[in-house]
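Visitor: I would like to learn how to read a protein structure, step by step. Could you take me through one?

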Amino acid sequence: MRIGELAARAGTTTRTLRYYESRGLLPARRSVNGYRAYDEEDLRLLRQIRTLQDFGFELEETRPFVECLQAGHPAGDACPASLEVYRSKLAELDDCLARLQAVRDQVAAQLARAEQERAELEREAVRPGGPEPQCELSTPRGPHRN
């Protein structure tokens with residue numbers, strides 16, 4: 001098949017395919033008339049690349065999976081190098097999740113502090129002579145001024 005058909009079947013662009021070719025991820029075979037020529041195996045490689053990228057893998061991280069398929073394995077993750085990329089990606093995701101959890105914990109603590117302060121202000125307001133809670137951004141109460 002030609003580049004346009006492969007791109008259409010894979011749901012991508014010919015420009016993307018040429019980029020993958022320039023990076024050595026997609027074979028650069030030419031037919032006798034000079035057109036790029038692809039087969040079902042190339043579509044399989046391309047689907048592997050696209051799936052991994054959809055999961056957040058960088059293009060270079062897909063290389064071991066492509067090489068594994070090119071070596072004749074039934075799946076791109078059947079090789080030790082592919083498994084190592086999985087391990088690395090999981091460690092990266094775990095680190096990201098830990099950082100997000102830390103940020104979430106900080107926001108939750110800020111919310112709890114703010115809610116406690118708000119509750120204290122409301123309790124003081126119901127006491128005779130206590131201050132009425134006001135938002136710092138609100139306008140003073142009183143007649144509407146033009």
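Guide: What follows is a short tour, beginning with the whole chain and then turning to some of its parts. This is a predicted model, in which local features need pLDDT of at least 70 and side-chain atom pairs count only at pLDDT 80 or more, while totals for chains, interfaces and linings use all residues. Residues are numbered from 1 along each chain as its sequence is written, and side-chain values use heavy atoms, with hydrogens and water left out.

Visitor: How many helices and strands does the chain have?

Guide: Helices (H or I, at least four residues) and strands (E, at least two) are DSSP runs, numbered from the N terminus. Here the chain has 5 helices and 0 strands, and along the sequence the pattern reads α-α-α-α-α.

Visitor: What share of the residues of the chain count as buried?

Guide: A residue is buried under 20% relative accessible area, exposed over 50%, and partly exposed in between (1.4 Å probe, protein chains only). By that rule, 24% of the 146 residues of the chain count as buried.

Visitor: Which residues of α4 are buried?

Guide: Helix α4, which covers residues 63-70, is mostly covered, with 6 of its 8 residues buried; these are Arg-63, Pro-64, Phe-65, Val-66, Cys-68 and Leu-69. After α4 comes Gly-72, whose phi is positive, near 100°.

Visitor: At what angle do α1 and α3 pack?

Guide: Axes are lines fitted to C-alpha atoms, for helices over the stretch in contact, and angles run from 0 to 180 degrees between N-to-C directions. Helix α1 (residues 3-10) and helix α3 (residues 40-54) pack at about 45°, and their axes lie 10 Å apart. That angle makes α1 oblique to α3, since angles under 35 degrees count as roughly parallel, over 145 as roughly antiparallel, 65 to 115 as roughly perpendicular and the rest as oblique.

Visitor: Which residues make the contact of α1 with α3?

Guide: Contact means heavy atoms within 4.5 Å. On α1 the contact is made by Leu-6, Arg-9 and Ala-10, and on α3 by Glu-40, Asp-42, Leu-43, Leu-46 and Arg-47.

Visitor: Where is Ser-31 placed, and is Ser-31 buried or partly exposed?

Guide: Ser-31 sits in the loop between α2 (14-22) and α3. Ser-31 has a relative accessible area of 28%, and is therefore partly exposed. Ser-31 and Met-1 are 30 residues apart in sequence, and their C-alpha atoms are 10.0 Å apart in space.
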